[in-house]
Amino acid sequence: MNNLYKQSLRIYGDNILECEKTLQTLINSISLYQPNPAVSIDQNSSLFCPKYIIYANNLIYEIQLFPGYKRWSSNILDK
């Protein structure tokens, strides 16, 4: 039986286009090691902060987008 490794990531950006561009860069990077990874959107995720699931071999990446950087109450660069 294969063990699945799950990694959760968050992408913060000024707007949704910037977040999706970064998401596409991650997908392209994963594709170097696993051609044609399966990508789907989590149907239960928020419309404003969508979550994508990428399946590649025994890896599962959960990537949530947070458009509207600098609208949050804390600075992620301080953490």
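Student: What does helix H1 lie across, and at what angle to S4 does it run?

Tutor: Helix H1 (residues 16-33) lies across S1, S2, S3 and strand S4 (59-67), and its direction makes an angle of about 165° with S4. Axes are lines fitted to C-alpha atoms, for helices over the stretch in contact, and the angle between N-to-C directions runs from 0 to 180 degrees. This is a predicted model, in which local features need pLDDT of at least 70 and side-chain atom pairs count only at pLDDT 80 or more, while totals for chains, interfaces and linings use all residues. Residues are numbered from 1 along each chain as its sequence is written, and side-chain values use heavy atoms, with hydrogens and water left out.

Student: How many helices and strands are there, and in which order do they come?

Tutor: The protein chain has one helix and four strands, arranged β-α-β-β-β from the N terminus. Both kinds are DSSP runs numbered from the N terminus: helices are H or I with at least four residues, strands are E with at least two.

Student: What makes S1 and S2 edge strands?

Tutor: The four strands form an open sheet in the order S1-S4-S3-S2, with mixed pairing. Strand S1 (5-13) and strand S2 (38-41) each pair on one side only, and these are the edges. The twist from one strand to the next averages 20°.

Student: How do you know that S2 and S3 pair?

Tutor: Two strands pair if DSSP finds at least two bridges between them. S2 and strand S3 (residues 51-56) have four bridges, in the antiparallel sense, so they meet the definition. Ser40 stands opposite Ile53 in S3, and Ile41 has Tyr52 as its bridge partner.

Student: What is found where S3 meets S4?

Tutor: S3 and S4 are antiparallel over six bridges, and Ile54 has Tyr61 of S4 as its bridge partner. Their hairpin has two residues between the strands, and Asn57 takes a positive phi near 55° there.

Student: Why is Glu62 called buried?

Tutor: Buried means under 20% relative accessible area, exposed means over 50%, and partly exposed lies in between (1.4 Å probe, protein chains only). Glu62, in strand S4, has 18% relative accessibility, so Glu62 counts as buried.

Student: Which residues is Glu62 in contact with, leaving aside its neighbours within four places in sequence?

Tutor: Contact means heavy atoms within 4.5 Å. By that rule Glu62 touches Lys6, Gln7, Ser8, Leu9, Lys51, Tyr52 and Ile53. The C-alpha atoms of Glu62 and Arg10 are 8.3 Å apart, although 52 residues separate the two in sequence.

Student: What makes the Glu62 and Ser8 pair a polar contact?

Tutor: A polar contact is a pair of N or O atoms within 3.5 Å; within protein, one must be able to donate a hydrogen and the other to accept it, and residues adjacent in sequence count only if both atoms are side-chain atoms. The side chains of Glu62 and Ser8 are joined at 3.5 Å, so the pair falls within the cut-off.

Student: Which backbone atoms does the side chain of Ser45 reach?

Tutor: Ser45 lies in the loop between S2 and S3. Its side chain reaches the backbone oxygen of Asp42 at 2.7 Å and the backbone nitrogen of Lys51 at 3.1 Å.

Student: How do you know how many disulfides there are?

Tutor: A disulfide is a pair of cysteine sulfur atoms within 2.5 Å. A search of the whole structure finds zero. The sulfur of Cys19 is 8.5 Å from the closest cysteine sulfur, in Cys49, which is too far for a bond.

Student: Are Cys19 and Cys49 buried or exposed?

Tutor: Cys19, at 0% relative accessibility, counts as buried. Cys49 is at 12% and also counts as buried.
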